[in-house]
Amino acid sequence: MNRFIGSALVVLLSALTVSAAVPAAITPGEEVLVEKATSGNHGGRLVVALRAEPRTLNPAIAADAPSREVIGRMIADLIHIDRATQATEGALATEWKRSSDGREYTLKLRKGIRFSDGRPFDADDVVFTFQVLLDERTGSPNRDLLIVGGQPVRVTKVDEYTVRLTMAQPYAAAERLFDSIAILPRHLLVEAYTKGAISNMWAVSTPAAAVAGLGPYRLKEYVAGQRLVLERNPYYWKTDSAKRRLPYLDELVFLFTGNEDAQVIRFQSGDSDVLSRASADNFGVLVRDQAAGRYQLKDLGPSLEYNFLFFNQNDLTGKNLPQVAVKQQWFSDLGFRRAVSRAIDREGIARLVYRGRAVPLWGNVSPGNRLWINTSLPRQPRNVSEARAILKASGFSWRPDGALIDRQGRPVTFTIVTSSTSAQRTEMATLIQADLKELGMGVQVVPLEFRALVDRVFQTFDYDASVLGLGGGDADPNGEMNVWMSSGSNHLWRLGQKAPATAWEDEIDRLMQKQLITLDYRERKRLYDRVQTIVAEQLPMIFLAAPHILVGARADLGNFQPSVLDHYTLWNVERMFLRPESRSVRR
Amino acid sequence: MTAVARRIGSSVVTLFAVSVFSFALLELAPGDFFTELRMDTRVSTQAVDALREQYGLTQSPAVRYWLWLQSFVAGDLGFSLAHRAPVSSVIWERAGNTLLLTVPAMLLTWTLALPLGVWIARRKNQWVDRVSSGVTSTLVALPDLLVAMLLLLLALRTGLFPTGGMYTPGAEDLGTGARIRDLISHAFLPLCALVATALPALVRHVRASVIEAAQAPAVLAARGHGISHSRITLRYVLPLAANPLVSLAGLSIATLLSASLLIEVVMSWPGLGPLVVEALLAKDVHLVLSASMLASALLVAGNLAADLTLYVVDPRIRA
């Protein structure tokens, strides 16, 4: 058997000079972007293992992570967030100007560049893209982002290479809105759009010639259940410092593995070259095996993800949930929430659940978000006696057997529901259960299938408390509007508010609205700092920990510069290259 | 002929019942395909509701079942919300990959089980029988998942076998011969896992059937006439032992298929397993329903084939 594999590999190695699309010559008048500090070598293939198969190649409707991971390498946006600096930079737009009232943006587009099928790009493609995304029939997850002040962003063509975007009100950091919004090829999609069939376009099995984008790679081949192969876009609009067209790598192969463990095994065995995000457990295993020097591993520090415990404070009118309603008397008591917060050992969670590869959290912004974290929030370590004092002051007492009881003599017991697919969150809930036992609280942990959990939290409200996680998108606070606005669809602890239920939620509403239209960063930061302070004081969510981003790549991969912003490893794939001495030697 | 028609008719009714039951179970589970979007902070409740409306999830269960059934009968097998494409376009290629594992696994299992079972039966109560009984009992008790994980660990630690997938990345550039060798090397461990999970029970069944057949009066009479062991086995014992084994063969495709789904997931084999697991987790109802129907159809077809075989070979059933 070994001989079979060996002979297969020999033939494979000899074929490693992949017959890929040759970079097209740069044409006169083509406004390429020169990546000044970039150098490398053309050629080779990079293999990436995905946890699941992408569901679509249509950027307008893609919502699942594997689809976005693949599509992200095939598309380009107008203005891009540099994952290394977290700041915006020109992409398909070479420059942009904001009007004095902050409501209008005029974007100059890159001239003379082409889609991956060789057809030219111009303002009509941009206007078409926004038309598609804003059309309700498309069902795009990006649509809500493009509704500003209750009105859709209006995009008009000024000339062939200039577009104007008009918003109903000033929008802070509007440039960040455009990150990852793929500009679509009008020539390929306009007919389907006119027929109302745009959302069914570009399934993964679509022939390669029918799919085009402005990203560094284009579709080459899809084999159901096995792999999706991208090849170099010969017309890509970026070059290296020597004016050689990027990307360096000929091909990008996505293998479908099915789950994280299989993904890690394929990386460990050398079948795949890049590991986009590993759990702390798997990372620990890889670290032990790293001595062989076959791959490089990087702990990038805290991610933007925040995990938290929250209690059900929803309005249960008409829900027939008397057992939850009774407990809501505790959950809506600030003293109760503060006591729970003081009793939780966040350091222990970071140490035990994440094997030390996480940071404890006292607010909703992770230390990974350098631009927006309020560093003045108090960090209160676990203090059980203080927690007991807070409970006592709130009218709770203890039975002789140590069980906590409320004013009516009812024992304080509740369940924490978690997602059964997230081992970490279930472990966090179990540690919280142990911590709260010391306060005399009886806590049950109930892992539920993810959809059942979401149904309870968002639909039926039939739960007491839950451990969930959010974040991981952009660093800007605007991405959190749905969480912190009292009317937001992710205002988890009390959904569907027509008017703010409390004075502090009202204040957060006003602060979030104000920061949304404030154009000055320092003033926005001040406003968002205040939001963080209120949240830390009122504890609608009890923040627990932010896990580190843990990634890896084969040792000979050049320009591998992972980031804490999604996509963690492949965001600069056009610059990655295989060092020549190793190109012909796959592990 | 009437019996055959009646048997086919009852198979169709069985399949219809399976589809209704599966649909009802999926309906009872909370949430739907778009529930997941509720955790996306970019997406409003209104947007999620609009998607539900657009894809017909707000229609009554009866209407949705009827629409699926129409599409199934028409050959599209429904519409996959995850893939935004007819189910038929995503299921057949993977079904082929699954059969690529299960058919050889079944052939291999029977090829090994028959001689092994007969050989052990002829040594009833000897040490060979006792050892084989211990080994097969242990293997029957081992969960399929554990067997697959152990084999995967072996592959990872020794580097002798691929750790998953169906081909080495880049194998598409190889010649036909090398590609086939690459495929065989990738299929080897999943095949071993399938055979290891199915073989022990089958060996025990063959042994039991052969021992029982060996007590039949005709066999005892033959033995009394001094006919050789091997002739008795071939001429009398095996035909007598065949009936329960033929029925078992009808079931074995379905048994191997269900084991295969799990092993495919663990070993990243691109068959129906990973597809069905993803579809179940995503609540992609039409895809799950059609995959269930496919598996049920195999089970029913296997049983039907076994019944027809018995009808042909056993005069007692025809009587």
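Me: What share of the residues of chain B count as buried?
Reply: This is a predicted model, and the figure is computed from it. A residue is buried if its relative accessible area is under 20%. Chain B has 319 residues, and the share of them that count as buried is 48%.

Me: How many helices and strands does chain B have, and in what order do they run?
Reply: The secondary structure of chain B consists of 12 helices and two strands. Read from the N terminus, the order is α-α-α-β-β-α-α-α-α-α-α-α-α-α.

Me: Among contacts in chain B between residues at least 6 apart in sequence, what percentage join residues at least 24 apart?
Reply: The C-alpha atoms of chain B fill a box of roughly 85 × 55 × 40 Å along the principal axes. For the contacts in chain B between residues at least 6 apart, the share that joins residues at least 24 apart is 72%.

Me: Why is the pair of B:F33 and B:F34 edge-to-face?
Reply: Ring centres within 6.5 Å make a pair, and planes over 60 degrees apart make it edge-to-face. The count by this rule is 32 aromatic pairs over all chains. For B:F33 and B:F34 the centres are 5.1 Å apart and the planes stand at 85°, so the pair is edge-to-face.

Me: Which kind of aromatic pair do B:F34 and B:Y55 form, and how many residues apart are they?
Reply: B:F34 is in the loop between helix 1 and helix 2 of chain B, while B:Y55 is in the loop between helix 2 and helix 3. Both B:F34 and B:Y55 are buried. Their ring centres are 5.8 Å apart with 35° between the planes, which makes the pair tilted. The pair links distant parts of the chain, and the separation is 21 residues.

Me: Which ring does the charged end of A:K319 sit over?
Reply: A charge sits over a ring if, among other conditions, it is within 6 Å of the ring centre. The charged end of A:K319 is 4.9 Å from the centre of the ring it sits over, that of A:F461.

Me: How much area do chain B and chain A bury between them?
Reply: The contact takes 56 residues from chain B and 62 residues from chain A. Of the buried area, 55% is on carbon and sulfur atoms. The area that chain B and chain A bury between them is about 5300 Å².

Me: Which three residues supply more than any other three of the area that chain B buries against chain A?
Reply: The three together supply 15% of the area that chain B buries against chain A. They are B:M39, B:R42 and B:P169.

Me: Which residue of chain A forms a salt bridge with B:E36?
Reply: Across the interface of chain B and chain A there are four salt bridges. In the one formed by B:E36, the closest N and O atoms are 3.9 Å apart. The partner of B:E36 is A:R451.

Me: Is A:T426 buried or exposed?
Reply: A:T426 lies in helix 12 of chain A, and its side chain reaches the backbone oxygen of A:S419 at 3.4 Å. Not counting residues up to four places away in sequence, A:T426 touches A:T418, A:S419, A:V445 and A:P447. Its relative accessibility is 18%, so A:T426 counts as buried.

Definitions and conventions
Residues numbered from 1 in each chain as written. Chains lettered and ligands numbered in written order. Predicted model: local features only at pLDDT ≥ 70, side-chain atom pairs only at ≥ 80, totals over all residues. Heavy atoms only, no water. Phe/Tyr/Trp six-rings, centres within 6.5 Å; stacked < 30°, edge-to-face > 60°. Helix = DSSP H or I, 4+ residues; strand = E, 2+ residues; numbered from the N terminus. Buried < 20%, exposed > 50% of the residue type's maximum accessible area, 1.4 Å probe, protein only. Lys NZ or Arg CZ within 6 Å of the ring centre and 35° of its normal. Contact = heavy atoms within 4.5 Å. Buried area = accessible area lost by both parts, 1.4 Å probe. Salt bridge = Lys/Arg side-chain N within 4 Å of Asp/Glu carboxyl O. Polar contact = N/O pair within 3.5 Å; in protein donor to acceptor, adjacent residues only side chain to side chain.
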